[in-house]
Amino acid sequence: MGRVQPIQHQRAHDYGHLIRRWRSIARQRGLQLVPYASASSYELFHAITRRPVEGRPWLYLSAGIHGDEPAATEACLEWVASTSLLPNDLNVMIFPCLNPWGLVNNRRTDADGRDLNRTYHNDSVPQTAAHKATLEGRRFGLALALHEDYDADGVYIYEARGARPYLAEDLLETASRHLPIDLRRTIEGRSARAGVVRRTMRPDSMPEHPEAFVLFFNHTDRSLTIETPSEAHIDARVTAHVAIIERAARRCLLALPE
Ligand SMILES: [Zn+2]
């Protein structure tokens with residue numbers, strides 16, 4: 001991958017710094033930064049391919065719904081800066097940080113104490129409703145939600161049980177060059193195998209829906225949630241996320257076979 005410029009992660013919790021970097025890199029990569037809501041006086045943006053290439057798939061990425069997971073927000077930006085697939089090979093819609101207040105304050109929740117990743121079942125939270133509204137009518141070849149986990153022993157992935165081929169094992173293999181795979185047999189109460197939690201997603205699976213549910217029900221056949229271990233060094237966590245995004249993007253481009 002041709003890197004545009006090295007990205008430093010020391011200011012990973014500085015939302016203004018994040019968006020300033022996005023403005024500059026988005027321009028270089030043919031993306032447009034579009035404001036879609038505000039929350040706790042922070043403006044929320046998504047980045048979208050300015051001139052979509054016809055016949056190419058769309059990739060969805062999001063990060064920062066939990067503010068204490070800074071490798072996710074950094075990796076999203078770093079992938080855009082470093083991939084050779086933009087702007088000509090792939091169309092993207094990216095939510096660089098869904099919870100700016102959380103990022104600035106290093107908190108999982110928003111300013112009102114809500115876990116935003118449990119607010120997608122209705123429209124009671126304005127920034128979640130606005131996020132869903134921007135997705136209306138869109139279909140993605142693949143959707144990745146980037147996360148981190150303090151309890152993790154390594155990288156792991158939730159993958160919606162549905163369309164084949166499944167991708168999680170392949171993405172984990174890519175990540176394993178940078179971080180170990182989480183080999184626990186049970187992760188967050190669900191049975192896991194070699195870092196993969198393959199889950200059935202139905203509207204009644206959980207009363208409070210995460211973002212991944214809305215994506216899977218309405219916008220993609222492939223919804224994956226990527227988790228890196230928060231205790232590892234941030235550079236390795238970012239690199240692992242970037243490697244996963246790049247691999248996923250290339251699979252998306254090939255319409256998934258390999
Ligand atoms: Zn998270």
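**View 1. Strand 6 within the predicted model.** Strand 6 (residues 156–160) is largely enclosed by the rest of the structure, because five of its five residues are buried. Buried means under 20% relative accessible area, exposed over 50%, and partly exposed in between (1.4 Å probe, protein chains only). Tyr-156, Tyr-158 and Ala-160 point one way from strand 6, while Ile-157 and Glu-159 point the other way. Strands (E, at least two residues) and helices (H or I, at least four) are DSSP runs numbered from the N terminus. This is a predicted model, in which local features need pLDDT of at least 70 and side-chain atom pairs count only at pLDDT 80 or more, whereas totals for chains, interfaces and linings use all residues. Residues are numbered from 1 along each chain as its sequence is written, and side-chain values use heavy atoms, with hydrogens and water left out.

**View 2. The neighbours of strand 6.** Strands of a sheet pair through backbone hydrogen bonds, either parallel or antiparallel. Two strands pair if DSSP finds at least two bridges between them. Strand 6 and strand 10 (residues 223–229) run antiparallel and are joined by four bridges; Tyr-156 stands opposite Glu-227 in strand 10. Strand 6 and strand 9 (residues 196–199) run parallel, again with four bridges, and Arg-199 of strand 9 is the bridge partner of Ala-160.

View 3. Eight strands, in the order 1-2-4-3-5-10-6-9, form an open sheet with mixed pairing. Strand 1 (31–39) and strand 9 are the edge strands, each pairing on one side only.

**View 4. The zinc site.** The zinc ion is coordinated at 2.1 to 2.3 Å by His-66 (ND1), Glu-69 (OE), Glu-69 (OE) and His-147 (ND1). Donors are N, O and S atoms within 2.8 Å of the metal (3.2 Å for Na, K and Ca); water is not among the atoms, so sites may look incomplete. His-66 lies in the loop between strand 3 (58–62) and helix 2 (70–82), and His-147 lies 81 residues away in strand 5 (residues 142–149). Both His-66 and His-147 are buried.

**View 5. The largest nonpolar core.** A nonpolar core is a set of buried Ala, Val, Leu, Ile, Met, Phe, Trp, Tyr and Cys residues joined through side-chain atoms within 4.5 Å. The largest has 52 residues; Trp-22, Leu-59, Trp-79, Ile-94, Leu-144 and Leu-224 touch the most other members. Helix 7 (residues 234–253) supplies the largest share of this core, nine residues.
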